[in-house]
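Me: I would like to learn how to read the features of a model like this one. Could you take me through them in turn?

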Amino acid sequence: MFRRRRLVAGALALALATPLVPVAAAAAPTGVDVFAEEAAGFAKDRGITEAEARQRMAWQLVAPDLDTRLTAELGSRYGGLWIDVRDGDRVTIGATAVDGGVQATVKAATAELGLSVYDLVPVKRSWERLSADNDWLAGEVIRVNAGAAVALSAGIRTDLNAVQLGLPADGVLSAAQKAFVEAARARLGAGLVFGAAPGRGFAAFAGCVSPYCDPPLRGAVKINYPGVTSCTAGFVAQSKVDTKKYLVTAGHCAMGRTGNWWSKNAGLHEFKIGAVHRWIFDTYIGDMALIRIDDPSEIGWNPQPWVMVTWSLQTTENQTYHISSDNMSVVGMRVCTTGQATRMSNCGHVTELGLTANLGGLPMRNLGRTTNCSKPGDSGAPMFASHVAYGILAGGVEGDCDTVYQGIRTAERELNVNILH
């Protein structure tokens, strides 16, 4: 157990009094308050002022870009990055050696990104080692879960500088699972922690009744495969090779349902969106799909880079909430979603990344796990915060506020699209 060493760049009191707009926020249109819909709810969650909530949300905006940069610049000395939800939502950077060179690299990166307050702490295991350990765990989890009555899970906990093996609270482990748990304990030692895994795995959600929107077409509205199922639209996307527009949603929604999908306007009149262009529901690639937007003349969908945000204790209603950028996730970051079965937008925080777990009976790798609430019918819903797209909802444990999602950058790469900004 290491003693935490905190290195702070800039005074917290000064940072709160004179908020620094991070570089990442520059993607938002001029004069737009990117925190308007979420700041009040975040302040209530944390018991802080709205000004403090806005500052913490600004830190989160630059965290993924800082993570990417430090991964490249620190190499084997980098221990990962997380947002410490138990210590003021501070961006915390781990390094295997906190020497002058590391401090200088971190100082330069944070200054360029406009992050004036952060913690730099020593850790024992590098991000490279955590990733390698998680890859080994993932392969073994997939192997021992096959045919077992309950499912194990595995993911990275940068905040604990360890990989986490999830054990179900109920049910009996198979002989293979028991042997693997002991082998993991012996192999990884203090680099392994144990957490909770859902006893029956994450449900791949489908089926709902929820509101619709008049055109323009946007994310977070209900989409239907008539007579079969309903899911939630994630984000509007555009092909990387031409100007064709698509809706991104969960791959398991489209699996075997590749014909035309439909939605309705506010008057509940049904109109066609288009057919599935491509779907993926694969252990090693992910859970994602594209629905082509045909834009029939009688409705004129005119798709926009918007997400419908509904009123809740955590969010302010905004039916034209714009998406200004997309990014990767970090542990501890705040993320919100609007699913059309849950109806009310809700926010949580990321608890694990690189998660391997059963989703609808299929082992899936490289998911994110959050404390968001979700229900059947929310599949495909957008995962976002401060007008940044982070992923699409894949499934969850209903009633437990335990949700998994597909990272948006992977979806863009595999589907060959860009999220519309």
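Me: In which strand is G155 found?

Reply: This is a predicted model, where local features need pLDDT of at least 70, side-chain atom pairs count only at pLDDT 80 or more, and totals for chains, interfaces and linings use all residues. Residues are numbered from 1 along each chain as its sequence is written, and side-chain values use heavy atoms, with hydrogens and water left out. Helices (H or I, at least four residues) and strands (E, at least two) are DSSP runs numbered from the N terminus. G155 is found in strand β4, residues 153-157. The chain has eight helices and 24 strands.

Me: Is G155 buried or exposed?

Reply: Buried means under 20% relative accessible area, exposed over 50%, and partly exposed in between, with a 1.4 Å probe and protein chains only. G155 has a relative accessible area of 0%, so G155 is buried. Of the 421 residues of the chain, 57% count as buried.

Me: Which residues is G155 in contact with, leaving aside its neighbours within four places in sequence?

Reply: Contact means heavy atoms within 4.5 Å. On that basis, and with neighbours within four places in sequence left aside, G155 is in contact with N134, V163, Q164, E352, L353, G354 and L355. The C-alpha atoms of G155 and N134 are separated by 6.2 Å, with the two residues 21 apart along the chain. In the chain, among contacts between residues at least 6 apart in sequence, 68% join residues at least 24 apart.

Me: What is the strand order in the open sheet of three strands?

Reply: Strands of a sheet pair through backbone hydrogen bonds, either parallel or antiparallel. Two strands count as paired here if DSSP finds at least two bridges between them. The order is β1-β2-β3, and the pairing is mixed. The edge strands, each pairing on one side only, are β1 (78-84) and β3 (119-122). Strand β2 (residues 90-95) runs parallel to β3, and four bridges join the two. G94 stands opposite V121 in β3.

Me: Which residues touch the most other members of the largest nonpolar core?

Reply: In soluble globular proteins, nonpolar side chains tend to be buried together. A nonpolar core is a set of buried Ala, Val, Leu, Ile, Met, Phe, Trp, Tyr and Cys residues joined through side-chain atoms within 4.5 Å. The largest has 47 residues, of which L66, L70, L81, V91, I93, V106 and L120 touch the most other members. Helix α3 (residues 50-74) gives the most to this core, ten residues. Apart from it lies another core of 44 residues, among them Y225, C253, A254 and I419.

Me: Which residues lie nearest the centre of the largest pocket?

Reply: They are W127, M328, S329, L353 and G354, out of 32 lining residues. The volume of the largest pocket is about 730 Å³.

How values were computed
1 Å grid on protein atoms, 1.4 Å probe; cavity = no way out; pocket = protein on both sides within 12 Å on 5 of 7 lines; lining within 4 Å. Points joined across faces, edges and corners; volume = space filled by probe spheres on them.
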